[in-house]
Amino acid sequence: MEYRTLGSTDVDVSAVGLGTWNVGPVWSDVSDEQAKDAIRTALDADVNLLDTAEVYGGGRAESLIGEVLDERDRDGIFVPTKAAPDEDGGHSEAGLRESIAGSKERLGVETLDLVQLHCPETQAFYNPDTFETLEELREEGEINHAGVSVEKVEEATKAIEYDVVETVQIIFNPFRHRPAERFFERAAAENVGIIVRVPLASGLLADVFDGIEDFDEGDHRKSAAEGGVDAGIGRAGGETFAGVPFESGLDAVDDLRPHVPEEMSMAQFTLRWILDHDAVSTVIPGSTSPAHVEANAAAADLPELSHETHGAVRDIYEAHLYDHVHHRW
C-alpha cells in the first residue's frame, strides 16, 4: 500500500481508503456483520483511513467502525467523520457540538481525528463564525483536525481561505474533471489534503450496470437513473453517478473499456487514474464486499497510466459528459 501525507495534518494515510456511505439504507440492505467484514478486510489490506459520517445509517457506520476498532489496536488508524448541517443548511455552534459529541460516543474516542462539514449550503462557507467554532473545538481537544466535504469547486476554494481547514473532500473521477483544472494546484500550494469521494460514480465506473433493471427497489440510483441527474442525491443530483445522466455514463464506460489495461478492472483503472493526480491524498471507494475492498486497495500498487490513456479519458469526457457536469460543480 502506498501512503501519502494528508496535507498539513502530517498524517500519512493510505492512498486508497474505505468509504462507508453504503452502510446507509439508500443503497441496499447490509447486515452489521457484512459491513464489519468489509472494514476488517480493508484494515487487513493496510488501509488506514476509514471515512464515515454521522448520517450514514443514522450513526450506524460510525458505531460499526468503533466496534471493529475495539477488536484491535487503533494505533495508526485515521477516521475522518462528517458533521451534518442544520436544517437551514449551515452549521451552528450548538449543532456542531452536538454532532461531535455523538460521533465521539459512537466511535468510542475522546477526540475525533478529523471532522468535516458535510456538504452544507454554499452560504455556510461565507460564515466565519462556523470556522471559528472549529478552531475552538480543536483548541478544546474535541477534534484534532478540521476539513470540509463540498459539492462545488467554488466551495472548496472558499473553504481553504480559513486556516483551520486542512482537508477538502470532493468528487473527482473520469466523469468529473473540474477539480483538477480549478482547485488541485491551489490546494497543493497551500498544503491542503484532498480526499476524493464518489470515485466510482455510484458504480458506473465499476462497470457493473447494463441498464436501470440492475437496480433494486429502494436503491437511490434507480430513481436517479429513471428521473435524470436532478433526481439523484446531492445538490441538484450532483452525487449520484457523479452528476451525469445514467445513459451518458453507460456510453462513456463503453468507450473507456478498450483503454483499460488487461491487468486492471474498470474500478481499479478509475482509482489509478485518480491517484495519478499528485494533489490527491487519498481516494475512498465504498463497498461492503470484501473481494471488492481488496481489489480496490490493490489499485494503489498498480502502475501509473500512460499519457495517451489520460488523453483518451479526457476525449471521452468531452464527448459524453463535459456539457452535463463541467460548469455545474
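Helix 12 and the rest of the fold

Setting aside residues within four places of it in sequence, I316 makes contact with A252, D255, L256, H259 and L321. I316 belongs to helix 12. The model discussed here is predicted, and every value below is computed from it. With a relative accessible area of 8%, I316 is buried, because that value falls under the 20% cut-off. Its C-alpha atom lies 34 Å from that of V30, a residue 286 places away in sequence.

Other residues of helix 12 can be read in the same way. A312 is found in this helix too. Its relative accessibility is 10%, so A312 counts as buried. The residues A312 and L256 stand 56 places apart in sequence, and their C-alpha atoms are 8.0 Å apart in space.

Apart from neighbours within four places in sequence, T309 is in contact with H259 and F269.

How many helices and strands does the secondary structure of the protein come to? There are 13 helices and 10 strands. The radius of gyration is 18 Å, close to the 20 Å that the globule rule gives for 329 residues, so the protein is as compact as a globular protein of that length. The C-alpha trace spans about 55 × 40 × 40 Å along its principal axes.

Of the 329 residues, 58% are buried. The accessible surface of the protein is about 13,200 Å², and carbon and sulfur atoms account for 43% of that surface. Contacts can also be sorted by separation along the chain. If we take the contacts between residues at least 6 apart in sequence, 77% of them join residues at least 24 apart.

Two further residues show how such contacts look in detail. L117 is in strand 6, which covers residues 112–118. Is L117 buried or exposed? With a relative accessible area of 1%, L117 is buried, since this value is under 20%. Leaving out residues up to four places away in sequence, L117 touches A83, H91, L96, T130, F131, L134, G147, V148 and S149. D276 is 159 residues from L117 in sequence, and the C-alpha atoms of the two are 27 Å apart.

T20 is buried, with a relative accessible area of 4%. Not counting residues up to four places away in sequence, T20 touches D51, T52, Y56, A61 and I65. Along the chain, T20 and R328 are 308 residues apart, and 26 Å separates their C-alpha atoms.

Backbone angles give another view of the loops. Most residues other than glycine have a negative phi. D207 has a phi near 55°, a positive value in a residue that is not glycine. This residue is in the loop between strand 9 (193–197) and helix 8 (220–227). D207 has a relative accessible area of 27% and is partly exposed, because that value lies between the cut-offs of 20% and 50%.

A242 is not a glycine, yet it has a positive phi of about 55°. A242 is located in the loop between helix 8 and helix 9 (246–256). Is A242 buried or exposed? Its relative accessible area is 0%, so A242 is buried.

The last stop is a pocket. Which residues line the second largest pocket? They are L69, R74, D75, G76, I77, V79, L107, V109, T111, L112 and D113. By class, this lining has 6 nonpolar, 2 polar and 3 charged residues. The space in the second largest pocket is about 170 Å³. L112, one of the lining residues, falls in the range 112–118 given for strand 6.

Conventions:
Residues numbered from 1 in each chain as written. Predicted model: local features only at pLDDT ≥ 70, side-chain atom pairs only at ≥ 80, totals over all residues. Heavy atoms only, no water. 1 Å grid on protein atoms, 1.4 Å probe; cavity = no way out; pocket = protein on both sides within 12 Å on 5 of 7 lines; lining within 4 Å. Points joined across faces, edges and corners; volume = space filled by probe spheres on them. Nonpolar A, V, L, I, M, F, W, Y, C, P; charged D, E, K, R; others polar. Helix = DSSP H or I, 4+ residues; strand = E, 2+ residues; numbered from the N terminus. Rg over C-alpha atoms; globule rule 2.2 N^0.38 Å. Buried < 20%, exposed > 50% of the residue type's maximum accessible area, 1.4 Å probe, protein only. Contact = heavy atoms within 4.5 Å. Areas by Shrake-Rupley, 256 points an atom, 1.4 Å probe, with all protein chains shown as cover.
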